[in-house]
Amino acid sequence: MKLTVVTINYNNCDGLEKTLRSVTSQLTPEVEYIVIDGGSTDGSVELIKKYEKSIAFWVSEPDKGIYNAMNKGIAHASGEYINFMNSGDCFHSSDVLHQVLPLLQGKDFYVGNEYWVGDGKRKFIESPQYIHVARLMYKALPHQATFIRRELLVERPYDESYKIAADWEQMFYELIVNDASYEHIDLVVDDFDTNGISHDEKNIELQRRECERVRQELLPAKVYQLVDNRNKSLRKIIHAMGYESPMKRDMKILRNAVRLLLNDIFKRNK
(Lines give C-alpha, C1' and ligand atoms only; values in the text may rest on other atoms or scores of the structure.)
Protein backbone atom coordinates (compact mmCIF):
# COMPACT_ATOMS: atom_id res chain seq x y z
CA MET A 1 0.00 0.00 0.00
CA LYS A 2 1.53 3.29 -1.11
CA LEU A 3 -0.58 5.85 0.74
CA THR A 4 -3.05 6.11 3.60
CA VAL A 5 -5.36 9.12 3.81
CA VAL A 6 -6.69 9.80 7.32
CA THR A 7 -9.68 12.00 8.11
CA ILE A 8 -10.53 12.96 11.69
CA ASN A 9 -13.89 14.47 12.59
CA TYR A 10 -16.03 15.55 15.50
CA ASN A 11 -19.52 16.98 15.05
CA ASN A 12 -18.73 18.58 11.69
CA CYS A 13 -21.18 16.73 9.47
CA ASP A 14 -21.28 19.35 6.70
CA GLY A 15 -17.49 19.62 6.51
CA LEU A 16 -17.11 15.84 6.71
CA GLU A 17 -19.39 15.28 3.74
CA LYS A 18 -17.25 17.60 1.62
CA THR A 19 -14.11 15.74 2.70
CA LEU A 20 -15.55 12.25 2.22
CA ARG A 21 -16.75 13.14 -1.26
CA SER A 22 -13.34 14.57 -2.16
CA VAL A 23 -11.25 11.70 -0.82
CA THR A 24 -13.39 8.83 -2.08
CA SER A 25 -13.36 10.29 -5.59
CA GLN A 26 -9.54 10.03 -5.51
CA LEU A 27 -9.20 6.43 -4.36
CA THR A 28 -7.11 3.93 -6.29
CA PRO A 29 -5.82 0.45 -5.31
CA GLU A 30 -2.68 2.19 -4.00
CA VAL A 31 -4.63 4.27 -1.48
CA GLU A 32 -6.44 3.24 1.69
CA TYR A 33 -8.83 5.53 3.53
CA ILE A 34 -9.27 5.73 7.31
CA VAL A 35 -11.84 7.84 9.15
CA ILE A 36 -11.59 8.52 12.89
CA ASP A 37 -14.66 10.11 14.45
CA GLY A 38 -14.70 11.36 18.02
CA GLY A 39 -18.17 10.09 18.90
CA SER A 40 -20.17 12.65 16.92
CA THR A 41 -23.88 13.13 17.56
CA ASP A 42 -24.72 15.38 14.58
CA GLY A 43 -25.28 12.77 11.88
CA SER A 44 -21.60 12.27 11.03
CA VAL A 45 -21.74 8.53 11.81
CA GLU A 46 -24.66 7.98 9.45
CA LEU A 47 -22.72 9.87 6.79
CA ILE A 48 -19.63 7.70 7.30
CA LYS A 49 -21.76 4.58 6.91
CA LYS A 50 -22.98 5.95 3.57
CA TYR A 51 -19.37 5.95 2.32
CA GLU A 52 -18.07 2.91 4.22
CA LYS A 53 -17.62 0.75 1.11
CA SER A 54 -14.76 3.10 0.18
CA ILE A 55 -13.32 3.21 3.72
CA ALA A 56 -10.78 0.61 4.84
CA PHE A 57 -11.30 1.33 8.55
CA TRP A 58 -13.47 3.68 10.57
CA VAL A 59 -14.43 4.13 14.18
CA SER A 60 -16.64 6.51 16.14
CA GLU A 61 -15.77 6.77 19.81
CA PRO A 62 -14.77 9.46 22.33
CA ASP A 63 -11.16 10.56 22.07
CA LYS A 64 -8.76 12.87 23.90
CA GLY A 65 -8.42 15.48 21.18
CA ILE A 66 -7.31 15.93 17.57
CA TYR A 67 -3.84 14.40 18.00
CA ASN A 68 -5.19 11.39 19.86
CA ALA A 69 -7.51 10.89 16.89
CA MET A 70 -4.63 11.29 14.43
CA ASN A 71 -2.56 8.75 16.37
CA LYS A 72 -5.46 6.30 16.15
CA GLY A 73 -5.38 6.75 12.40
CA ILE A 74 -1.63 6.14 12.31
CA ALA A 75 -2.04 2.94 14.32
CA HIS A 76 -4.43 1.52 11.71
CA ALA A 77 -2.58 2.78 8.62
CA SER A 78 -0.70 0.40 6.35
CA GLY A 79 0.43 2.84 3.66
CA GLU A 80 4.06 3.74 3.11
CA TYR A 81 3.01 7.40 3.45
CA ILE A 82 0.23 9.13 5.38
CA ASN A 83 -1.73 12.23 4.47
CA PHE A 84 -4.17 13.90 6.88
CA MET A 85 -7.17 15.36 5.08
CA ASN A 86 -9.28 16.41 8.01
CA SER A 87 -12.97 17.18 8.19
CA GLY A 88 -13.79 20.32 6.20
CA ASP A 89 -10.68 20.15 3.99
CA CYS A 90 -10.53 18.56 0.55
CA PHE A 91 -8.18 17.76 -2.28
CA HIS A 92 -7.88 20.64 -4.73
CA SER A 93 -8.83 18.60 -7.78
CA SER A 94 -10.07 15.11 -8.62
CA ASP A 95 -6.69 13.91 -9.89
CA VAL A 96 -4.35 15.13 -7.11
CA LEU A 97 -3.43 11.67 -5.80
CA HIS A 98 -3.04 10.35 -9.35
CA GLN A 99 -0.34 13.01 -9.80
CA VAL A 100 1.21 12.62 -6.34
CA LEU A 101 1.54 8.85 -6.05
CA PRO A 102 4.37 8.43 -8.62
CA LEU A 103 6.34 11.14 -6.78
CA LEU A 104 6.45 9.33 -3.42
CA GLN A 105 9.84 7.73 -3.89
CA GLY A 106 11.47 7.34 -0.48
CA LYS A 107 11.91 10.83 1.00
CA ASP A 108 10.58 11.39 4.52
CA PHE A 109 8.42 14.40 3.63
CA TYR A 110 6.77 15.42 0.38
CA VAL A 111 4.96 18.77 0.66
CA GLY A 112 2.83 20.49 -1.94
CA ASN A 113 1.02 23.82 -2.09
CA GLU A 114 -2.47 24.68 -0.92
CA TYR A 115 -5.23 27.27 -0.92
CA TRP A 116 -6.65 28.73 2.27
CA VAL A 117 -10.40 28.97 1.71
CA GLY A 118 -12.91 30.79 3.92
CA ASP A 119 -15.25 33.78 4.11
CA GLY A 120 -15.44 33.90 0.32
CA LYS A 121 -11.67 34.37 -0.01
CA ARG A 122 -8.86 32.20 -1.38
CA LYS A 123 -5.18 32.60 -0.51
CA PHE A 124 -2.41 30.67 -2.26
CA ILE A 125 0.16 29.12 0.10
CA GLU A 126 3.38 27.89 -1.53
CA SER A 127 5.59 25.46 0.31
CA PRO A 128 9.37 26.07 0.29
CA GLN A 129 11.66 24.47 -2.25
CA TYR A 130 14.02 23.51 0.56
CA ILE A 131 13.95 23.54 4.36
CA HIS A 132 15.61 26.44 6.12
CA VAL A 133 15.54 26.55 9.93
CA ALA A 134 14.40 30.19 9.87
CA ARG A 135 11.47 29.26 7.59
CA LEU A 136 10.23 26.63 10.03
CA MET A 137 11.06 28.52 13.23
CA TYR A 138 7.73 30.35 13.47
CA LYS A 139 5.61 28.85 10.71
CA ALA A 140 4.48 25.31 9.96
CA LEU A 141 4.31 23.63 6.58
CA PRO A 142 0.77 23.04 5.26
CA HIS A 143 -0.26 19.83 6.99
CA GLN A 144 -2.99 18.78 4.55
CA ALA A 145 -0.55 19.20 1.65
CA THR A 146 2.03 16.96 3.37
CA PHE A 147 2.79 13.29 2.79
CA ILE A 148 4.82 11.82 5.66
CA ARG A 149 6.62 8.50 5.68
CA ARG A 150 4.55 6.33 8.02
CA GLU A 151 7.55 4.89 9.89
CA LEU A 152 8.36 8.35 11.28
CA LEU A 153 4.87 8.67 12.73
CA VAL A 154 4.84 5.14 14.10
CA GLU A 155 8.20 5.55 15.83
CA ARG A 156 7.33 9.02 17.15
CA PRO A 157 3.57 9.71 17.15
CA TYR A 158 2.06 13.14 17.67
CA ASP A 159 2.61 14.48 21.17
CA GLU A 160 -0.89 14.50 22.65
CA SER A 161 0.07 16.96 25.38
CA TYR A 162 -0.26 19.65 22.68
CA LYS A 163 -3.75 20.82 21.75
CA ILE A 164 -2.91 22.75 18.57
CA ALA A 165 0.81 22.57 17.70
CA ALA A 166 1.71 18.85 17.70
CA ASP A 167 1.79 18.64 13.90
CA TRP A 168 4.24 21.55 13.77
CA GLU A 169 6.26 19.99 16.62
CA GLN A 170 6.53 16.75 14.64
CA MET A 171 7.70 18.56 11.51
CA PHE A 172 10.15 20.73 13.44
CA TYR A 173 11.66 17.74 15.22
CA GLU A 174 11.98 15.55 12.16
CA LEU A 175 13.11 18.19 9.64
CA ILE A 176 15.31 20.40 11.86
CA VAL A 177 16.47 18.26 14.77
CA ASN A 178 16.49 14.86 13.05
CA ASP A 179 17.44 16.18 9.57
CA ALA A 180 14.71 14.22 7.77
CA SER A 181 14.67 14.34 3.99
CA TYR A 182 12.30 16.69 2.19
CA GLU A 183 11.01 17.33 -1.31
CA HIS A 184 8.67 20.03 -2.56
CA ILE A 185 5.80 18.99 -4.82
CA ASP A 186 5.00 21.73 -7.32
CA LEU A 187 1.28 21.02 -7.18
CA VAL A 188 -1.74 22.45 -5.35
CA VAL A 189 -2.73 19.53 -3.14
CA ASP A 190 -5.62 20.81 -1.07
CA ASP A 191 -8.13 23.49 -0.18
CA PHE A 192 -7.72 24.18 3.53
CA ASP A 193 -10.78 25.31 5.48
CA THR A 194 -9.73 28.38 7.49
CA ASN A 195 -12.72 27.97 9.79
CA GLY A 196 -10.90 25.18 11.63
CA ILE A 197 -9.45 25.15 15.14
CA SER A 198 -6.02 26.57 14.30
CA HIS A 199 -7.58 29.74 12.82
CA ASP A 200 -10.02 30.29 15.68
CA GLU A 201 -9.12 33.62 17.31
CA LYS A 202 -9.60 32.22 20.81
CA ASN A 203 -6.86 29.66 20.12
CA ILE A 204 -4.22 32.12 18.88
CA GLU A 205 -2.70 32.66 22.33
CA LEU A 206 -2.71 28.92 23.04
CA GLN A 207 -0.94 28.34 19.73
CA ARG A 208 1.67 30.98 20.58
CA ARG A 209 2.38 29.34 23.94
CA GLU A 210 2.62 25.87 22.46
CA CYS A 211 4.95 27.00 19.66
CA GLU A 212 7.15 28.69 22.25
CA ARG A 213 7.26 25.43 24.18
CA VAL A 214 8.33 23.54 21.05
CA ARG A 215 11.28 25.86 20.51
CA GLN A 216 12.27 25.71 24.16
CA GLU A 217 12.17 21.91 24.32
CA LEU A 218 13.74 21.10 20.96
CA LEU A 219 16.40 23.79 20.50
CA PRO A 220 19.76 23.94 22.30
CA ALA A 221 19.66 26.52 25.11
CA LYS A 222 21.87 29.07 23.36
CA VAL A 223 19.89 28.85 20.14
CA TYR A 224 16.65 29.21 22.07
CA GLN A 225 18.01 32.34 23.73
CA LEU A 226 18.50 33.85 20.26
CA VAL A 227 14.97 33.19 19.05
CA ASP A 228 13.12 33.58 22.38
CA ASN A 229 12.07 37.19 22.20
CA ARG A 230 8.86 39.17 22.30
CA ASN A 231 10.10 41.77 19.82
CA LYS A 232 7.93 41.42 16.73
CA SER A 233 10.42 43.07 14.37
CA LEU A 234 13.33 40.89 15.47
CA ARG A 235 11.15 37.79 15.12
CA LYS A 236 10.21 38.85 11.59
CA ILE A 237 13.88 39.37 10.71
CA ILE A 238 14.70 35.81 11.76
CA HIS A 239 11.72 34.48 9.81
CA ALA A 240 12.62 36.53 6.72
CA MET A 241 16.02 34.83 6.55
CA GLY A 242 14.24 31.68 5.40
CA TYR A 243 12.66 33.25 2.30
CA GLU A 244 13.96 31.77 -0.94
CA SER A 245 13.63 34.94 -3.00
CA PRO A 246 16.69 37.15 -2.26
CA MET A 247 14.75 40.35 -3.00
CA LYS A 248 11.83 39.37 -0.76
CA ARG A 249 14.22 38.22 1.98
CA ASP A 250 16.38 41.35 1.93
CA MET A 251 13.49 43.81 1.73
CA LYS A 252 11.71 42.21 4.68
CA ILE A 253 14.92 42.15 6.71
CA LEU A 254 15.62 45.81 5.86
CA ARG A 255 12.08 46.96 6.62
CA ASN A 256 12.01 45.27 10.01
CA ALA A 257 15.55 46.34 10.84
CA VAL A 258 14.49 49.97 10.33
CA ARG A 259 11.48 49.42 12.56
CA LEU A 260 13.70 47.81 15.18
CA LEU A 261 16.14 50.74 15.05
CA LEU A 262 13.35 53.32 15.35
CA ASN A 263 11.83 51.47 18.28
CA ASP A 264 15.22 51.39 20.05
CA ILE A 265 15.75 55.11 19.42
CA PHE A 266 12.26 55.90 20.67
CA LYS A 267 12.80 53.88 23.82
CA ARG A 268 16.21 55.49 24.53
CA ASN A 269 14.78 58.96 24.06
CA LYS A 270 11.68 58.30 26.11
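Axes are lines fitted to C-alpha atoms, for helices over the stretch in contact, and angles run from 0 to 180 degrees between N-to-C directions. The model is predicted, so local features need pLDDT of at least 70 and side-chain atom pairs count only at pLDDT 80 or more, while totals for chains, interfaces and linings use all residues. Residues are numbered from 1 along each chain as its sequence is written, and side-chain values use heavy atoms, without hydrogens and water.

**Helix pair α7 and α8**

- Helix α7 (residues 166-177) and helix α8 (residues 204-218) have axes that come within 10 Å and cross at roughly 30°; helices are DSSP runs of H or I, at least four residues, and strands are runs of E, at least two.
- That makes α7 roughly parallel to α8, a label for angles under 35 degrees.
- The contact (heavy atoms within 4.5 Å) is made by Trp168, Glu169, Phe172, Tyr173 and Val177 of α7 and by Cys211, Val214, Arg215 and Leu218 of α8.
- By class, this contact of α7 with α8 has seven nonpolar, no polar and two charged residues.

**Second largest pocket**

- About 380 Å³ of space lies in the second largest pocket (on a 1 Å grid, an open set of points where a 1.4 Å probe fits, with protein on both sides within 12 Å along at least five of seven lines; lining residues have an atom within 4 Å of a point).
- Of its 16 lining residues, Glu126, Arg135, Lys139, Tyr243 and Lys248 lie nearest the centre.
- The largest share of the lining, three residues, comes from β7.
- The lining divides into four nonpolar, five polar and seven charged residues.

Definitions and conventions. Angles under 35 degrees count as roughly parallel, over 145 as roughly antiparallel, 65 to 115 as roughly perpendicular and the rest as oblique. Ala, Val, Leu, Ile, Met, Phe, Trp, Tyr, Cys and Pro count as nonpolar, Asp, Glu, Lys and Arg as charged, and the others, Gly among them, as polar. Grid points are joined across faces, edges and corners, and a volume is the space filled by probe spheres set on the points.
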